[in-house]
Amino acid sequence: MKVKKTKIKKLPKGVTYDPELDKLKSIIKVNSKELARVNEILEKTPIPKWILEL
Amino acid sequence: MIDDRYLLRADIDSKMFKFISEGPKGNIEKIVYYTERRANIYNLSFGDYNELINDFDDKVVTNNGDSLKVLATVAKSLYVFTDRYPDALIIATGSTFARTRLYRIGITNNLFLIEKDFHVFGYRDNEFVKFERNGPYEGFLVKRKKINKFDI
């Protein structure tokens, strides 16, 4: 049976890959109040074109 | 300040990072998580990891006496993230007024260093404006500066 290899991008010094974080990412919840605030900002104020083009 | 930071662990996509803050309150696991809110626009979430509920608390004030080192570590994650996603815009708001103020102080104190590599904006009165020291902002937006080949 072929085992699918996970491609890991080269990380800089002081940073290591932790497969546990891949699992954690799928279950962790981000503060909904904070996300609501970010969504509110983005709905009210789209990022100006001049910033997008920087 | 930038060189004194904790070791970071990253997920496969370089969107989630974990590190351990060490201080008088003990070893505390911290999470930095970049989540996409719009195409190429990411929210930066930051808080203490709670192993019991597999969640993180972004309101807690740890007071572990290492805020500069923690800030430098979060900044490092921003470099790793934007190395991978150079066109990403990163937006951050504190989960509380006090935390937003803390972010502003952190940016202000390191603006000279941050601006070498990032465009920095503040959000106030329904507008994104160029970040100025001590401006009263509700949120922050950063974008990695593009490397000009003539600068190398």
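## A salt bridge between the chains

A:Lys25 and B:Asp13 form a salt bridge, with 2.6 Å between the closest N and O atoms. The term covers a side-chain nitrogen of Lys or Arg within 4 Å of a carboxyl oxygen of Asp or Glu. The rule finds five salt bridges across the interface of chain A and chain B.

This is a predicted model: local features need pLDDT of at least 70, side-chain atom pairs count only at pLDDT 80 or more, and totals for chains, interfaces and linings use all residues. Residues are numbered from 1 along each chain as its sequence is written, chains are lettered from A and ligands numbered from 1 in the order in which they are written, and side-chain values use heavy atoms, with hydrogens and water left out.

## The interface

Chain A brings 38 residues to the contact and chain B brings 43 residues. Contact here means heavy atoms within 4.5 Å. About 3,800 Å² is buried between chain A and chain B, 62% of it on carbon and sulfur atoms. In chain A, the residues that lose the most area to chain B are A:Lys25, A:Glu34 and A:Leu54, which together make up 16% of what that side buries. Buried area is the accessible area (1.4 Å probe) that two parts lose on being put together, summed over both.

Polar contacts also cross the interface: the rule finds 14 residue pairs, both residues at pLDDT 80 or more. A polar contact is a pair of N or O atoms within 3.5 Å; within protein, one must be able to donate a hydrogen and the other to accept it, and residues adjacent in sequence count only if both atoms are side-chain atoms. On the side of chain A that touches chain B, the elements giving two or more residues are β1 (15-17), α1 (19-27), α2 (32-44) and α3 (49-52) of chain A. Of these, α2(A) gives the most, with nine residues. Helices (H or I, at least four residues) and strands (E, at least two) are DSSP runs, numbered from the N terminus.

## Strand pairing

One pairing joins the two chains. β1(A) and β1 (residues 8-10) of chain B run parallel, joined by three bridges. Strands pair if DSSP finds at least two bridges between them.

Within chain B, strand β7 (residues 118-124) has five of its seven residues buried, so the strand is largely enclosed by the rest of the structure. Buried means under 20% relative accessible area, exposed over 50%, and partly exposed in between (1.4 Å probe, protein chains only). β7(B) pairs with β9 (residues 139-144) of chain B in the antiparallel sense over six bridges. Here B:Phe121 stands opposite B:Leu141. β7(B) also pairs with β8 (residues 127-130) of chain B, again antiparallel, over four bridges. B:Arg124 stands opposite B:Glu127 in that pairing.

## Positive phi and a buried serine

Most residues other than glycine have a negative phi. The hairpin of β7(B) and β8(B) has two residues between the strands, and B:Asp125 takes a positive phi near 50° there. B:Asn126, in the loop between β7 and β8 of chain B, has a positive phi of about 60°. B:Asn126 is partly exposed, at 43% relative accessible area. B:Ser14 has a positive phi of about 55° and lies in the loop between β1 and β2 (16-23) of chain B. B:Ser14 is buried, at 3% relative accessibility.

B:Ser77 sits in helix α1 (residues 67-84) of chain B. B:Ser77 is buried, with a relative accessible area of 0%. Neighbours within four places in sequence aside, B:Ser77 is in contact with B:Leu8, B:Phe17, B:Val32 and B:Tyr34.
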